[in-house]
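Thanks, everyone. I have one structure to go through this morning, so please bring it up on your screens.

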Amino acid sequence: MQQDSVFALRGVTLRHGPALVLEDVSAQIPPAACTAVVGRSGAGKSRLLRLLVRLDDPDAGQITFHGTALGRYDVLDLRRRVQLVAQQPQLLSESVAEEIRLGCPHVAPEEVGALLSRVGLPLSFLDRSTTGLSGGEAQRVCLARALALEPEVLLLDEPTASLDAASATAIERTVRDLVGRGCAVVLVSHNADQVRRVADHVILLDHGRVLASGAPDDIQYPEAAS
Ligand SMILES: Nc1ncnc2c1ncn2[C@@H]1O[C@H](COP(=O)(O)OP(=O)(O)OP(=O)(O)O)[C@@H](O)[C@H]1O
């Protein structure tokens, strides 16, 4: 997998003050696959995603993107190619339609509607104001905004944590569809059943260290995720 990896992390350590948030993490993110990052609350999953778009930089170790050190990429270009949908994303526009077209103003109106349906939101959301959206709705608008940019890599931080089953299914379908189109998806999830449904590969973090990695059925999930 090493040679084909989209991202490769070698001996990555991240500190927050005296605390070790990630310690000696080595892992690969393969292309055209869904990699789930699992582990108990506070294990370092979100911080790992932030490293991949250089919202943080490691204190030690190396991260490469397509074999080249991450620091050598133009950061804005990197963040266009690698889209992060955070747990509590910031929306920057007044309306949902504007927000989805934020990075991609030439997206056709019908395409904006299609993006909404890919994240399980009805067309009526196009005219909604971004203020007053629920957390789960805001996260899905952010996902639609990310999808509009057709990223090479999509980083999803617990995208279905606050969704009902039907909406979660729409997101899972979109993840598999993206993988089918060649996108690498990194999915942080506390839901072991979801991981078994959508992931090809799992990285299990524990207190900032990689405890195990492998196929979804070979991982022993922490209690909160089983
Ligand atoms: N800004 C910060 N200041 C201090 N500590 C932080 C900060 N951000 C993260 N941490 C700590 O780093 C560790 C890893 O945090 P992270 O958000 O990556 O965990 P997580 O695995 O995503 O957890 P969860 O499943 O609860 O979202 C935690 O112990 C957290 O308290």
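Before the helix pair, one definition: a crossing is left-handed if the near helix is turned anticlockwise from the far one by less than a right angle, and right-handed if clockwise. Also, keep in mind that this is a predicted model.

Now the pair itself. Helix 4, residues 109-118, passes helix 5, residues 135-148, with the two axes coming within 9 Å and crossing at roughly 125°. That angle makes helix 4 oblique to helix 5. The crossing of helix 4 over helix 5 is right-handed. On the helix 4 side the contact consists of Leu115, Leu116 and Arg118, and these meet Ala144, Leu147 and Ala148 of helix 5. By class, that contact has five nonpolar residues, one charged and no polar.

Strand 5 is joined to strand 4, residues 60-65, by two bridges. In one of these pairings, Thr64 has Ala69 in strand 5 as its bridge partner.

Last, the ligand. Which element gives the largest share of the shell around the ligand? Helix 1, residues 45-52, does, with three residues. The residues surrounding the ligand include His16, Val21, Lys45, Ser46 and Arg47. By class, the shell has six polar, two nonpolar and two charged residues.

Methods
Residues numbered from 1 in each chain as written. Predicted model: local features only at pLDDT ≥ 70, side-chain atom pairs only at ≥ 80, totals over all residues. Axes fitted to C-alpha atoms, helices over the stretch in contact; angles between N-to-C directions. Helix = DSSP H or I, 4+ residues; strand = E, 2+ residues; numbered from the N terminus. Parallel < 35°, antiparallel > 145°, perpendicular 65-115°, else oblique. Contact = placed C-beta atoms within 7 Å. Nonpolar A, V, L, I, M, F, W, Y, C, P; charged D, E, K, R; others polar. Near = placed C-beta within 6 Å. Pairing = 2+ DSSP bridges.
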